[in-house]
Amino acid sequence: MAMSGGRDDGTPMMEMNTTPLIDVMLVLLIMFIITIPVATHSVDIDLPAPNPNPPPEDQIDPIKNKIVITQMGEILWNGDAIDQSELVRNLEISKSIDPEPELQFEPEQFASYDLSAKVLNIIKVSGVTKFGFVGNEKYRTFNTGGPANPTG
């Protein structure tokens, strides 16, 4: 920054000294940048708590287990209605079995998409490794809701 010292003839300097103003503005700018909160990009999800009671021994098959989402909004584990906390507990127990049993997922035709997505999220969080979708062959032809037409 250049500074002028006035003229040599002894007259006073008539320009305003802006150097202190610029310094104050820079300090304020730095203070505002420091005080801006850090942007976080997290999504909070409330997962159901597992039920502390152990499930019946016959509820978990050591070979394969099937989860069905019904049109009425029920979660069926091998044909028995369960809630989300029992699902979490069953997944944890089946994961501890060696070798891990196969987990099959089959939503019914008009099952709730929201409930299906929640159940899939619970399965993903549980860390189950042997997982598969079954029953999709019924929906090969779009918008029919039934088996594919073998002649067409």
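Visitor: What is the relative accessible area of isoleucine 22?
Guide: Isoleucine 22 counts as partly exposed, a class between buried (under 20% relative accessible area) and exposed (over 50%), with a 1.4 Å probe and protein chains only. This is a predicted model, in which local features need pLDDT of at least 70 and side-chain atom pairs pLDDT 80 or more, while totals for chains, interfaces and linings use all residues. Residues are numbered from 1 along each chain as its sequence is written, and side-chain values use heavy atoms, without hydrogens and water. For isoleucine 22 the relative accessible area is 36%.

Visitor: Which helix holds isoleucine 22?
Guide: Helices here are DSSP runs (H or I, at least four residues), numbered from the N terminus. Isoleucine 22 falls within residues 19–35, the run named H1.

Visitor: How many Å does helix H3 reach from its first C-alpha to its last?
Guide: H3 covers residues 113–126, which is 14 residues. The expected span is 1.5 Å times one less than the number of residues. H3 is close to that expected value, reaching 20 Å.

Visitor: What arc do the buried residues of H3 cover?
Guide: Leu115, Ser116, Val119, Ile122, Ile123 and Ser126 are buried in H3. They lie on the same side of H3, because their arc (of directions from the helix axis to the C-beta atoms) is only 125 degrees.

Visitor: Which residues are exposed on the other side of H3?
Guide: The buried residues of H3 include Leu115 and Val119. Across from them, the exposed residues are Tyr113, Lys124 and Val125.

Visitor: Is isoleucine 123 buried or exposed?
Guide: Isoleucine 123 belongs to H3. Its relative accessibility is 4%, so isoleucine 123 counts as buried.

Visitor: How many Å apart in space are isoleucine 123 and leucine 87?
Guide: In sequence, isoleucine 123 and leucine 87 are 36 residues apart. In space, C-alpha to C-alpha, the distance is 8.6 Å.

Notes. Helices (H or I, at least four residues) and strands (E, at least two) are DSSP runs, numbered from the N terminus.
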